[in-house]
Structure formats: C-alpha cells, structure tokens
Amino acid sequence: MGEYVAVERSGPAIRDALAVVAPEELPEFEAQFRIALAEADDDFDLSRVERVVNRWWGVAHLRLNPPTDDERAIIEQVARGDFAGLATSPQSAG
C-alpha cells in the first residue's frame with residue numbers, strides 16, 4: 001500500500017491535485033467552481049462554492065488515495081446489504 005496523501009480542503013489545493021492525478025477532470029472542476037463563484041458574486045451566498053469544494057475534495061482524495069482491495073471488498077459487501085463481521089453497522093446503531 002502506498003503512502004497516504006493529504007489534500008487540503010481548498011480550491012487551489014484541489015485544483016493542484018487534480019492537475020497531477022486527474023487532469024481530464026480538471027476542466028469540469030474549474031467550470032463548476034467558476035459558476036459557483038459567479039453566482040456568489042450575485043447574492044453573496046457561498047453555499048454553492050462550499051458544495052463544489054466538498055464534492056471535488058472527495059474526488060481529489062480518492063484519486064490520490066484509491067481504495068485498497070480490502071476496502072473495495074468491504075464496499076461491495078455493504079452495497080449488497082451484508083454487514084456481517086463489520087465493527088459497526090446500521091443494524092446495531094438502532
């Protein structure tokens with residue numbers, strides 16, 4: 001397993017990360033970010049910018065730190081609705 005790479009939760013950090021690991025996705029991030037900024041310029045509501053940053057921060061993180069085979073197996077298990085053997089589950093949470 002490779003070393004974990006952190007991504008700061010900011011527009012510039014996300015842009016830099018995507019430029020390195022997912023340059024084909026960079027134009028979409030930039031377009032969404034600019035649209036959100038333009039809308040915020042009209043009404044001063046930064047929630048759209050925050051949504052764009054939150055979404056793309058997750059994308060950048062996953063591109064830099066893809067799930068391991070073990071993590072993929074757990075994701076597939078949970079997607080099937082099978083929570084057996086997991087430390088926590090929606091069933092035990094009540």
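Me: What does the secondary structure of the protein chain come to?

Reply: In this predicted model, the protein chain has four helices and zero strands. Along the sequence the pattern reads α-α-α-α.

Me: Which residues of α3 are buried, and where do they lie around the axis?

Reply: The general idea comes from the helical repeat. An α-helix has 3.6 residues a turn, so residues three or four places apart point the same way. In α3 the buried residues are R48, V49, V52, V53, W56, V59 and A60. Seen down the axis of α3, they fall within an arc of 135°, so they line one face of the helix. The elements covering these residues include α1 (11-21) and α2.

Me: And which residues are buried in α2?

Reply: L26, F29, E30, F33, A36 and A40 are buried in α2. They cover an arc of only 135° around the axis, which puts them on the same side of α2. Their packing partners are α1 and α3. The face of α2 turned away from this buried side carries the exposed residues P27, R34, I35 and D42.

Me: E30 is in that buried set. What does the side chain of E30 make a polar contact with?

Reply: E30 sits in helix α2 and has a relative accessible area of 16%, so it counts as buried. Its side chain makes a polar contact with the side chain of R15, at 2.6 Å.

Me: How should I read the largest nonpolar core, and which members touch the most others?

Reply: In soluble globular proteins, nonpolar side chains tend to be buried together. Here the largest nonpolar core has 16 residues, and I14, L18, F29 and W56 touch the most other members. The elements that give two or more residues to this core are α1, α2 and α3. The largest share, six residues, comes from α3.

Me: What does W56 touch?

Reply: Not counting residues up to four places away in sequence, W56 touches I14, L18, E25, E28, F29 and Q32.

Me: What about backbone angles: which value does phi of F44 take?

Reply: Most residues other than glycine have a negative phi, and most peptide bonds are trans. Phi of F44 is near 65°, a positive value in a residue other than glycine. With a relative accessible area of 73%, F44 is exposed.

Me: How does one read a pair such as Y4 and N65, 61 residues apart along the chain?

Reply: Start with where each residue lies. Y4 is in the segment before α1, while N65 is in the loop between α3 and α4 (69-79). Their C-alpha atoms are separated by 6.3 Å.

Me: Is each of them buried or exposed?

Reply: Y4 is exposed, with a relative accessible area of 54%. N65 is buried, with a relative accessible area of 14%.

Me: Which residues are in contact with Y4, and which does N65 touch?

Reply: Leaving aside neighbours within four places in sequence, Y4 is in contact with H61 and N65. On the same terms, N65 touches E3, Y4 and V5. The side chain of N65 also reaches the backbone oxygen of V5, at 2.6 Å.

Methods
Residues numbered from 1 in each chain as written. Predicted model: local features only at pLDDT ≥ 70, side-chain atom pairs only at ≥ 80, totals over all residues. Heavy atoms only, no water. Buried < 20%, exposed > 50% of the residue type's maximum accessible area, 1.4 Å probe, protein only. Arc of directions from axis to C-beta. Contact = heavy atoms within 4.5 Å. Core = buried A, V, L, I, M, F, W, Y, C linked by side-chain atoms within 4.5 Å. Polar contact = N/O pair within 3.5 Å; in protein donor to acceptor, adjacent residues only side chain to side chain.
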